[in-house]
Amino acid sequence: MADSIMSKAATMEIPINSNGDTGTLQEDDSLEQDLQQVMVSGPNLNETSIVSGGYGGPAGGIIPTSSIKGPAVRFNPEYLDRRRAPAPGPDIRMKSRGVGLPKSQSAASRLAQHTDQHPGSSNNNGGNSTEEVSRGVAVEKLDSVKKWGINTYKCTKQMFSERFGRGSRTVDLELEAQIDVLKETKNKYENILRLATALTSHFQSMVQTQQALGDTFADLSQKSPELQDEFGYNAETQKLLCRNGEALLSAVNFFVSSVDTLVNKTMEDTLTTIKLYENTRLEFDAYRSDLEELSLGPRDAATMVRIDVAQHDYQIYRDKYERLRSDVTIKLKFLEENKVKVMHKQLLLFHNAISAYFAGNQEQLEQTLIQFNVKLKPPGSDKPSWLEEQ
């Protein structure tokens, strides 16, 4: 009985079904029952033999084991538990066919679980938003550079066209004449300012010389008894001239300061507005010429879109041009009124102070300073104090 069981186990074929799984045969059940019976009763090893040749082998492959002695085989119940097949799971191909598959979770629940398991994903979203903001700023800068390049190209083209006589320019004859007068007036006033500054510098040197000469005469009048009166008279005269010179110097400095404010601040501010007006006029003419060129071309769909854009830009720069032209007109008007008012006062001050000084009329000179609210600076007031020099 044992020989038949062992030979049957050694030569048993294992059939394979179409899915690659081992089939369940009745021979497997009978084999397992025989094995259980052998393990319960315990076989006699003297009646067993070892088949070495396998299935279909020769008879010589059977080795008798009658001489082998050994203990009987005991039943192990854990062996059967290990031999039992695991719980059947779903086949992969059956899953692919959609047979017997469990319902999957929704995408929202899986996303929520992913967010719970990965809390750093919100930080990634914040980083993405920061990158989008940076990208938007870069795009805006690129657009501004592009617009600047197009505007510069059109203005340069218009400027060369005007210089070579190929393009037309917008001209306001009355306003252009006023601008030319202002530029010429500024040049003349700058010349007056330069000469008045030189007069102040020379006159200040003369006053300082007179003061030093008067001090020397006063010192000699005390050290020379025989010429004391003569040195004393000259010392008094030089001191009087020095005092009157300081008064005249204060009037001339006030005149220079007022003219400098008129030339370098008031007129310069108006000229700055005029420069903006001229640049705007060039831009306006550039976009006007561009619109005229497009209007003379064919009227297809693409050209009509370009004409609409050019018309929009033309209207923008036209409004800007009109606004700056109005600003220049108003500033020129107020500048002329201010210039007349300031120069009337300053020229009268300069005339009265010079006349009173060279006439030797000290009272009239002092009265002139009071009339025009000119403060008399003491000698050496322009020099910094010893504390400021430290």
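Helices (H or I, at least four residues) and strands (E, at least two) were taken as DSSP runs and numbered from the N terminus. On this basis the secondary structure of the protein comprises eleven helices and two strands, and the elements follow the order α-α-β-β-α-α-α-α-α-α-α-α-α from the N terminus on. The model is a predicted one, in which local features require pLDDT of at least 70 and side-chain atom pairs are counted only at pLDDT 80 or more, whereas totals for chains, interfaces and linings use all residues. Residues are numbered from 1 along each chain as its sequence is written, and side-chain values rest on heavy atoms, with hydrogens and water left out.

Of the 390 residues in the protein, 24% are buried, where buried denotes under 20% relative accessible area, exposed over 50%, and partly exposed the range in between (1.4 Å probe, protein chains only). The protein exposes about 27800 Å², of which carbon and sulfur atoms supply 56%; the areas were computed by the Shrake-Rupley method with a 1.4 Å probe, and for residues only the protein chains shown count as cover. Among contacts (heavy atoms within 4.5 Å) between residues at least 6 apart in sequence, 73% join residues at least 24 apart.

Aspartate 285 is situated in helix α8, which spans residues 228–296. This residue counts as buried because its relative accessibility is 0%. Polar contacts were defined as pairs of N or O atoms within 3.5 Å; within protein, one atom must be able to donate a hydrogen and the other to accept it, and residues adjacent in sequence count only if both atoms are side-chain atoms. The side chain of aspartate 285 forms such a contact with the side chain of threonine 170 at 2.5 Å, and another with the side chain of arginine 281 at 2.6 Å. When neighbours within four places in sequence are set aside, aspartate 285 is in contact with Gln158, Glu162, Ser168, Arg169 and Thr170.

The structure holds nine aromatic pairs. Rings of Phe, Tyr and Trp (its six-membered ring) were paired if their centres lie within 6.5 Å, with planes under 30 degrees apart classed as stacked, over 60 as edge-to-face and the rest as tilted. Phenylalanine 284 and tyrosine 321 form a stacked pair, with 5.2 Å from centre to centre and 5° between the planes. This pair links distant parts of the chain, since phenylalanine 284 belongs to helix α8 and tyrosine 321 to helix α9, 37 residues apart. Phenylalanine 284 is buried at a relative accessible area of 6%, and tyrosine 321 is buried at 2% relative accessibility. The rings of tyrosine 287 and tyrosine 317 are also stacked, because their centres lie 4.5 Å apart and their planes meet at 10°. Here, too, distant parts of the chain are linked: tyrosine 287 is in helix α8 and tyrosine 317 in helix α9, 30 residues apart. Both tyrosine 287 and tyrosine 317 are buried. Tyr277, Phe284, Tyr314 and Tyr321 form one aromatic cluster.

Helix α9 covers residues 301–358 and includes leucine 348, which is partly exposed with a relative accessible area of 36%. The C-alpha atoms of leucine 348 and phenylalanine 255 are 9.8 Å apart in space, although 93 residues separate the two in sequence. An unreviewed UniProt entry annotates residues 307–338 as "coiled-coil region"; UniProt positions are given in the numbering used here, feature names are shortened, and annotations may be inferred rather than shown by experiment. In the model, residues 307–338 are 100% helix and 0% strand, and their end C-alpha atoms lie 46 Å apart.
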